[in-house]
Each structure stands twice: as structure tokens, then as C-alpha cells.
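I opened this notebook to record a few look-ups in one model. The entries follow the order in which I made them.

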Amino acid sequence: MPRRATFDSEYYERFYGDDPVHTRGKVAHLASAVHSLAQWWDIPVQSVLDIGAGPGYWRDWYAANQPDVEYVSTDVSEHACAEYGHELRDITKWRPSRRFDLVVCHGVLHYLDAKGAEAAIENIAAASHGLLYVEAPTSSDLDNIVDTDSTDMSVTRRTASWYRTRLGRRFEQIGAGLWVARSVGLPLYELERPR
Ligand SMILES: C[S@@+](CC[C@H](N)C(=O)[O-])C[C@H]1O[C@@H](n2cnc3c(N)ncnc32)[C@H](O)[C@@H]1O
């Protein structure tokens, strides 16, 4: 079993300090791309829920570039909530009472055990009526893709099919971390989505 991460000041200094897992600039490119793709698909993004927002790079991009978008950022870490300004929420237990146009869950699910991740996916689905952005490294990614110096390796290892099975009950996978709620019925061309 991996050690359970403590999301304290040391954690954010370690993974968002001098050798970050990803930078504010990289997340700005990602947020910009996701927002633009939503417009391309005629899914208006007027509300965003950010789960496990950490240093709040997505929230900051939206505040600077789409200030009229309603943005709710959450985290389970008391430190992150106090330092970066999020609502204190544990996505394994918290089911939002409303839905959002875009839900962001960037680098969070692999910190949860199987029961927690299953509950989190159901809670995410309950909050979604548009796009979902998910990033969670799989066992194969941890073995073959990630930079082991900058990445937290003390996480739960799961296969891509584990995530695809559970997310696929509620969302259709588009690619590049993007999923769309099945209720949207987005008419994607065959070559716009995985087989
Ligand atoms: C790797 S950081 C990702 C931060 C941010 N999303 C990003 O990509 O920059 C993981 C974050 O997930 C949060 N987290 C872990 N378990 C959580 C849970 N059960 N509910 C909400 N947030 C959680 C942690 O507190 C931490 O801030």
C-alpha cells in the first residue's frame, strides 16, 4: 500500500516548488485549450467545478481570462483551502447539489483508494452536465511515462481499464483527458474520439 499523502505546505512546496509536476504556464495552455474546445463543440462554459484544485492554477486562468465564468474550487486539504482559497470538500464524500458545465479533476483520483475513487467518480458524474477533464496516471504511466523526480509516486496504482470502466458508465471519452456527459449526446465524428 502506498503511504497516504499529507497535503500540507511541505507537499505543495515539494510538487509545485522548484521542480514542479506542472507549471502555472502549462496549466494555462491546458485551460485555454479545454475552454476553446468546449466552444468548438457548442458546450457553453458558464460554470466550472474544480476538484482538488491545489495551487489553483485553473481557477487563476479562469479569473484572468474568463472572469464572468462562475468558478467553484475545492480541495480536501485545509492547508490548500487556507493558502489558495478553496472550499473544503472531500470528493469521496461530497456530492454537489447542482451541476456544472465543466468539471476539472486534475491529478486527484490516483490519491484515492478504490472505494474512494469509485465514490468520487459518482460524485463527479452527479455534478456534471457537460465536459469533464480528468488526469490520473495509471500503473503503466507510472512505469513508463512520468518523470519520477517531479511526480509523486506514492499513489494508488490502477489500470486505464479500471478508470475507463467507471468513467464510461457516465461519460463518453473524447481524448486528451476530456470526457463528455452521456446526457449531452455530443455528435462526435468517429475520428474525433477513441474507438
Ligand atoms: C497533485 S495535486 C493536484 C492539484 C491541482 N488539481 C493541479 O493539477 O495542479 C492533488 C490535490 O488533490 C487534493 N485531494 C486529494 N484527495 C482529495 C479528495 N478526497 N477530495 C478533494 N481533493 C483531494 C489534494 O489536497 C491536492 O491538492
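Which residues of α5 are buried? I took buried to mean under 20% relative accessible area, with exposed over 50% and partly exposed in between (1.4 Å probe, protein chains only). On that basis I listed Gly-116, Ala-117, Ala-120, Ile-121, Asn-123, Ile-124, Ala-125 and Ala-126 as the buried residues of α5.

Basis of the entries. The model is predicted, and I note that local features need pLDDT of at least 70, that side-chain atom pairs count only at pLDDT 80 or more, and that totals for chains, interfaces and linings use all residues. Residues are numbered from 1 along each chain as its sequence is written, and side-chain values use heavy atoms, with hydrogens and water left out. Helices (H or I, at least four residues) and strands (E, at least two) are DSSP runs, numbered from the N terminus.

Helix α5. I then looked up the cover of its buried residues, which includes β4 (100-106), β5 (128-135), α7 (160-168) and β6 (171-175).

Helix α7. I recorded Trp-162, Tyr-163, Arg-166 and Leu-167 as buried in α7. They lie on the same side of α7, because they cover an arc of only 110 degrees around the axis, taken from the directions from the helix axis to the C-beta atoms. The buried residues of α7 pack against α5, β5, β6 and β7 (178-181), where contact means heavy atoms within 4.5 Å.

Thr-151. I located Thr-151 in the loop between α6 (139-144) and α7. Thr-151 is buried, at 13% relative accessible area. Its side chain reaches the backbone oxygen of Asp-147 at 2.7 Å. Leaving out residues up to four places away in sequence, I noted that Thr-151 touches Phe-15, Val-21 and Val-146.

Ligand. Which residues come nearest to the ligand? Of the 21 residues around the ligand (a heavy atom within 4 Å), I noted Tyr-12, Gly-52, Asp-75, Asp-90 and His-106 as the nearest. Helix α1 (residues 9-16) gives the most to this shell, with three residues. I also recorded an oxygen atom of the ligand 3.0 Å from an N or O atom in the side chain of His-22.

Technical notes: A polar contact is a pair of N or O atoms within 3.5 Å; within protein, one must be able to donate a hydrogen and the other to accept it, and residues adjacent in sequence count only if both atoms are side-chain atoms.
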